[in-house]
Amino acid sequence: MAKIIKYKHEKGALHIGGGRFFYAGETYEVPEEEAKQLTTAYDDLEIVEEKKAGRGGGKHADTGEGKAAE
């Protein structure tokens, strides 16, 4: 099961190498095992509760899928 993690600060970004950036105000879905590793290694990252409505969810997430061609 995946976990949602975020950068704790209100502005800025955290670069952890390998092209991985965590930006303030953004949440990222990562595998549970990786989330534990990241939050243990980097104090600036935290696991957050998954929200029903928020970034990545809502009506726009499935736009275009399942529509018949006109």
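Phe21 is partly exposed, its relative accessible area being 37%; here buried means under 20% relative accessible area, exposed over 50% and partly exposed in between, with a 1.4 Å probe and protein chains only. This is a predicted model, in which local features need pLDDT of at least 70 and side-chain atom pairs count only at pLDDT 80 or more, while totals for chains, interfaces and linings use all residues. Residues are numbered from 1 along each chain as its sequence is written, and side-chain values use heavy atoms, without hydrogens and water.

Tyr23 is likewise partly exposed, at 40% relative accessibility. Rings of Phe, Tyr and Trp (its six-membered ring) pair if their centres lie within 6.5 Å, and planes under 30 degrees apart count as stacked, over 60 as edge-to-face and the rest as tilted. The count comes to 2 aromatic pairs. Phe21 and Tyr23 form a stacked one, with 5.9 Å centre to centre and 10 degrees between the planes. The rings of Phe22 and Tyr28 have centres 5.1 Å apart and planes at 85 degrees, so this pair is edge-to-face. Phe22 is buried at 1% relative accessibility, whereas Tyr28 is partly exposed at 21%.

Phe22 also belongs to the largest nonpolar core, which has 10 residues, including Ile5, Leu14, Val30 and Leu38. Such a core is a set of buried Ala, Val, Leu, Ile, Met, Phe, Trp, Tyr and Cys residues joined through side-chain atoms within 4.5 Å. Leaving aside neighbours within four places in sequence, Val30 is in contact (heavy atoms within 4.5 Å) with Ala2, Lys3, Ile5, Arg20 and Ala35.
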